[in-house]
Amino acid sequence: MSEEASQVVVVAIEISDPALADQLASLLGGVAGIRLATPGEAAAVALVSREAHTAREPADIELTPRERDVLVLMAEGASNKAIARQLGISVHTAKFHVGSLLDKLDATGRTDAVAHAARIGVINL
């Protein structure tokens, strides 16, 4: 391992507020010597919110901050077009995120996905 690679600090972020998590990831991603941990990877430093310990999601369901944003909008009844407009993404990308959520939550549809997410504490209705 090179001397440069051994000086990299791996940081994990687990914060219940997706906007704050995205903001921290953006800030830390540009700092030399810091690398964000991949899901399941051991980290030298962990940024964890207190709320994350009270309502944790099961280990087999890991949602990205963007998927959480999409899930919240789905819970509000937003269409793929409305989700895309709200998040500044394409309708195709919104549809991809919805499909990913349905798969991860083992849901038969949007309503089932929202209900399942609420039952396991991923979102609050």
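This is a predicted model: local features need pLDDT of at least 70, side-chain atom pairs count only at pLDDT 80 or more; totals for chains, interfaces and linings use all residues.
Helices here are DSSP runs of H or I with at least four residues, numbered from the N terminus. Two packed helices are described by the angle between their axes and the distance between the axes.

Residues are numbered from 1 along each chain as its sequence is written. Local features need pLDDT of at least 70, side-chain atom pairs count only at pLDDT 80 or more, totals for chains, interfaces and linings use all residues, and side-chain values use heavy atoms, with hydrogens and water left out.

Which residues of H4 and H6 meet? On the H4 side they are Arg-66, Glu-67, Val-70, Leu-71 and Met-74, and on the H6 side His-97, Val-98, Ser-100, Leu-101 and Lys-104. Contact means heavy atoms within 4.5 Å. The residues of this contact divide into five nonpolar, two polar and three charged. In this grouping, Ala, Val, Leu, Ile, Met, Phe, Trp, Tyr, Cys and Pro count as nonpolar, Asp, Glu, Lys and Arg as charged, and the others, Gly among them, as polar.

Glu-67 belongs to helix H4. Its relative accessible area is 3%, so Glu-67 is buried (under 20% relative accessible area; exposed is over 50% and partly exposed in between, with a 1.4 Å probe and protein chains only). Leaving aside residues up to four places away in sequence, Glu-67 touches Glu-62, His-97, Ser-100, Leu-101 and Lys-104.

How many salt bridges does the whole structure hold? A search finds two, where a salt bridge is a side-chain nitrogen of Lys or Arg within 4 Å of a carboxyl oxygen of Asp or Glu. Lys-104 forms one with Glu-67, and the closest N and O atoms are 2.8 Å apart. Lys-104 lies in helix H6 and Glu-67 in helix H4, so this pair ties together parts that are 37 residues apart in sequence. Lys-104 has 32% relative accessibility and counts as partly exposed.

Arg-66 forms a salt bridge with Asp-69, with the closest N and O atoms 3.8 Å apart. Both residues lie in helix H4, three residues apart, which is about one turn of the helix. Arg-66 is partly exposed at a relative accessible area of 29%, while Asp-69, at 18%, counts as buried.

How values were computed:
Helices (H or I, at least four residues) and strands (E, at least two) are DSSP runs, numbered from the N terminus.
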